[in-house]
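Dear colleague,

Please find below the structure that I am handing over to you. My findings follow directly after it.

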Amino acid sequence: MRGRNVRVKATTLAVVMAGAAASATGAQAQGFEGGRNAYGMPGLIDMPSATSFDDADLSISYSRFQVESRTALSFQITPRLTGSFRYSYIGAGLTYDRSFALQYRFLDEGRYTPALAIGLNDMVGTSLYAGEYLVATKTVGPSLRFSAGIGWGRLGSYNGFTNPLGAISGAFETRPPRSAGRGGEFEVNQWFRGDAAFFGGVEWQATDRLRLVAEYSSDAYTRTAGQTFDRATPFNFGLSWQATPRWTLDARYMYGSEIGFQATFALNPKERPHFGNNYDPAPPPVRVRGQEALAVLDVPLETALARDLRAQGILLNGVQLEGTAATVDIVNATYALDAQAVGRTARVMSRLLPDTVDRFTVILSRGGMSVSQIVLNRATLETQEFALDGTAAALSSAAIGDRTQGLPAVDDRYPNGGFALLPYVRPSYFDPDNPVRADAGVAVTGSAEVMPGLRLSGRVERKIVGNLDESTRRSDSVLPRVRSEANLYDREGETAITELTAAWYLRPAPELFARVTVGYLERMFAGASTEVLWKPEGTPFALGAEVNYVRQRDFNQLFGLRDYDVVTGHVSGYLELPNDFHLQLDAGRYLAGDYGATLSLDREFANGWRVGAFATLTDVPFSDFGEGSFDKGIRLDIPMDWIGNRSSRTKNSLVLRPIVRDGGARLDVAGRLYEEVRGASDRGLTEGWGRFWQ
Amino acid sequence: MMSRAVIPFALSAVTVLLAACQAAPDVATQRAALVRADFAAATQPLILAEFTEMGSVGLLGKGGVNGGVESWRSANGVGLSLDRGVLVRVEGTGPGLLAADAAPTLAALAGGARDYRRSWRHLTPDAQVVKTDMSCTLSGPSAEVVDLAGRQAHLSGWTETCSGPSGQATNRYWTEAGNRIVKSDQWISDRAGQVVIDVPMGAPR
């Protein structure tokens with residue numbers, strides 16, 4: 001079942017991308033889904049294979065055998081590159097461990113040739129799992145797949161032999177010991193060194209849903225075999241059952257002595273879950289001129305526009321009629337993609353504006369400042385509404401440009417605000433004493449727009465249940481403790497003001513945006529934050545600068561402040577790369593007063609999903625930083641409307657750091673300019689234009 | 001030591017799941033109730049639409065006319081647009097239809113070539129427009145007695161069979177004299193399934 005569905009989708013997508021990167025998709029042999037091993041990576045049971053998941057596949061898997069458990073978050077970064085972040089418990093009181101893995105499939109399977117992949121496991125962690133491999137996978141017939149490989153490090157630990165790479169250099173024959181004990185450093189001089197060993201296995205796709213797997217493992221489990229379990233044989237056997245398109249369950253007999261199991265939940269940001277259909281009510285159709293009967297105005301135009309736009313979830317800032325041109329200034333309060341708001345606004349305009357108007361201009365405002373304008377030809381809207389390629393036609397006839405000045409506000413627009421009462425969950429990960437803790441409670445949020453560009457925001461959280469206060473670990477940081485005392489904030493801030501700010505947004509010049517935010521900026525810091533952003537039209541890059549003066553807040557997160565203060569700020573470069581990738585480089589001074597830079601690489605999807613990784617290096621020596629050596633992590637942005645049944649601009653951001661220390665820590669101020677404005681910029685609008693007629 | 005993020009969506013997600021688990025209403029019962037209406041008493045043009053796979057049925061009123069395309073809206077936000085009876089857009093239903101070319105079908109119904117190509121546009125969850133091309137064959141007419149919004153009607157039945165690299169689609173049209181489509185069973189997308197559309201007899205047009 002699953003296989004068939006996926007093939008249909010793959011074909012459909014192939015039509016879309018006809019000609020574009022067809023070779024890069026690197027389609028795998030038909031009939032097989034990429035299996036997942038106990039590390040959440042493409043593989044057999046404990047061993048890897050030269051397969052990949054569907055592009056952008058994002059999964060979380062939990063595997064366990066005997067006392068060892070692994071929870072892995074894996075992502076198909078590109079059609080060939082798979083990455084995984086893993087949190088493991090390695091039994092009998094040995095340790096919790098966090099590690100990263102990467103695999104690159106550099107050769108597609110051919111008719112007679114196997115797919116080939118190279119992989120690095122645990123290349124920056126404490127290296128308990130450190131291993132490298134080269135693996136080949138070949139499908140034979142409709143339901144058999146064989147994999148064989150050579151491994152080094154941990155994958156060369158059973159039945160190993162002298163490293164054949166020794167033929168290149170004798171240095172390959174010895175694997176040097178790890179040089180650092182804190183983890184977090186790339187131990188490049190270990191890679192592909194020392195003894196090597198062969199591994200391999202076979203998979204039989206017995207039915208659409210059931211796969212049987214047998215493998216020969218080259219992992220000797222040197223640290224744990226004989227202590228936590230008996231590694232009686234190198235052979236593992238498993239059943240993998242595709243319970244639903246998203247859930248896979250595995251049962252295994254491991255190393256001749258242990259039963260193992262695994263559960264995997266996989267999704268794809270490019271595909272909506274079945275419960276995540278977007279049931280936005282259909283927009284009003286275009287009124288073609290000549291149908292005056294449909295354009296009966298029972299109230300003044302301004303009132304009617306505000307009313308009909310509000311029905312679409314769009315706020316009217318201002319309206320202006322000049323001869324044959326009409327301009328509206330709006331706030332998209334509802335749609336994840338601004339193009340959808342623009343399309344609906346244009347249709348509402350067509351229904352209400354006199355037939356003499358032939359040009360519609362829509363100004364998109366954000367945070368009270370105008371960002372861009374879209375000029376639409378009314379005749380094009382009329383002729384292209386149902387044209388087969390009306391989406392592209394509407395885009396090519398639209399003039400999208402920068403707009404620094406909004407329209408005078410309509411009556412009753414300011415002041416404007418509201419409150420909301422929301423449940424919240426605040427999780428904490430990877431505390432060595434308890435890998436997952438969480439608090440849950442209610443949050444009251446309020447915001448008020450006092451005048452164009454000036455917004456007051458506040459948020460108060462009240463914990464109801466949770467165990468974050470159980471963390472009693474004391475920070476051992478030798479740096480100013482800007483983040484490592486988070487547990488004190490959790491414990492003492494059961495009722496906390498997590499934000500209380502005034503933010504002013506303005507457009508000092510074309511292509512320039514500015515922000516000043518003052519107040520209680522985040523849970524741990526209060527002060528003033530200033531930012532400017534230069535975002536040139538039509539280019540994939542932007543440049544920003546931020547300077548903040550902040551003081552650390554009291555642990556109870558009420559109004560008091562502590563003694564520590566710092567001037568922190570960054571110069572930031574943003575670059576949109578091809579194939580949905582986005583690069584950001586921030587260089588400057590961090591909260592602990594350290595100087596350095598953060599590099600972030602994300603894969604972004606037009607629907608708002610983002611999956612990425614970041615790393616920060618500063619002048620804090622690894623030894624002063626403490627465990628992990630430097631700050632790094634992965635982040636996910638999940639758009640709410642992807643799982644909901646109505647459009648929403650809300651996103652949930654999840655940042656996973658193996659460990660949070662004080663070096664390389666940035667201020668967490670809301671409403672940074674780049675993310676605020678990019679969706680409404682020319683490139684953002686073009687990217688999301690598919691929803692113009694939605 | 002720890003990393004955290006506030007995730008208020010967990011509770012919302014539960015709500016969504018619960019909503020999705022509610023028992024589907026009995027479409028046949030709903031349809032029966034709808035077709036009992038006296039359409040002659042209707043004050044505005046109406047169509048009856050039944051989403052076969054999605055399991056819903058309702059009445060839609062005319063919301064706009066653009067050339068040959070009539071747009072219909074239900075009270076709960078479902079939108080259908082028909083180009084002289086051929087489905088060209090479906091909105092407000094979750095997975096929908098962005099655009100379709102009606103001209104080849106209309107030409108065939110009017111006596112033109114019975115073999116032709118049709119094209120559809122759908123939107124992916126990632127806001128990309130997907131093009132679907134198929135080769136189609138129209139067969140008919142056959143004299144049929146069909147249920148038209150609760151009344152028996154003598155109509156001409158046509159079958160449009162389409163197939164392409166990404167799948168296939170079957171549409172049925174029933175026309176009255178003058179080849180006007182008054183009932184149809186049309187493909188929206190693989191995911192959304194089919195929609196059966198009736199133009200009730202007696203309702204204003």
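A residue is called buried when its relative accessible area is under 20%, exposed when that value is over 50%, and partly exposed in between. Please bear in mind that this is a predicted model.

D389(A), by contrast, is partly exposed at 42%. D389(A) belongs to the loop between α4 (378–384) and α5 (390–397) of chain A, while R121(B) sits in strand β8 (residues 115–123) of chain B, so the contact joins two chains. Over all chains, the search returned 61 salt bridges.

Two further salt bridges lie within chain A. In one, the side chains of R515(A) and E546(A) meet at 3.6 Å, N to O. Strand β22 (residues 512–520) holds R515(A) and strand β24 (residues 541–553) holds E546(A), so this pair ties together parts that are 31 residues apart in sequence. Both R515(A) and E546(A) are buried.

In the other, E675(A) meets R610(A) at 3.2 Å, N to O. Here helix α9 (residues 673–677) is linked to strand β28 (residues 610–618), the two residues being 65 apart. E675(A) is partly exposed at 37% relative accessibility, whereas R610(A) is buried at 10%. E675(A) and R610(A) also belong to a network of salt bridges, whose members include E576(A), D637(A) and R683(A).

The structure has one disulfide over all chains. It is formed by C136(B) and C162(B), with their sulfur atoms 2.2 Å apart. C136(B) lies in strand β9 (residues 129–148) and C162(B) in strand β10 (residues 151–164) of chain B, so the link ties together parts that are 26 residues apart in sequence. The link is right-handed, with 110° about the S-S bond. C136(B) is buried at 2%, and C162(B) is buried at 1%.

Turning to the strands of chain A, β1 to β12 form a closed barrel of 12 strands with antiparallel pairing. Its neighbouring strands are turned by 20° against each other on average, direction ignored. Within chain A, β9 (residues 210–216) and β10 (residues 235–242) pair over seven bridges, and Y216(A) stands opposite F235(A).

Finally, a nonpolar surface patch has about 680 Å² of accessible area and includes F419(A), V442(A) and V465(A). Strand β20(A) contributes the most to this patch, with three residues; V465(A) lies in that strand.

Yours sincerely

Notes: Residues are numbered from 1 along each chain as its sequence is written. Chains are lettered from A and ligands numbered from 1 in the order in which they are written. This is a predicted model: local features need pLDDT of at least 70, side-chain atom pairs count only at pLDDT 80 or more; totals for chains, interfaces and linings use all residues. Side-chain values use heavy atoms; hydrogens and water are left out. A disulfide is a pair of cysteine sulfur atoms within 2.5 Å. Helices (H or I, at least four residues) and strands (E, at least two) are DSSP runs, numbered from the N terminus. Buried means under 20% relative accessible area, exposed over 50%, partly exposed in between (1.4 Å probe, protein chains only). Two strands pair if DSSP finds at least two bridges between them. Axes are lines fitted to C-alpha atoms, for helices over the stretch in contact, and angles run from 0 to 180 degrees between N-to-C directions. Patches are made of residues with over 30% relative accessible area and no salt bridge: like charges are joined within 9 Å, nonpolar side chains (Val, Leu, Ile, Met, Phe, Trp, Tyr) within 5 Å. Accessible areas come from the Shrake-Rupley method with a 1.4 Å probe; for residues, only the protein chains shown count as cover. A salt bridge is a side-chain nitrogen of Lys or Arg within 4 Å of a carboxyl oxygen of Asp or Glu.
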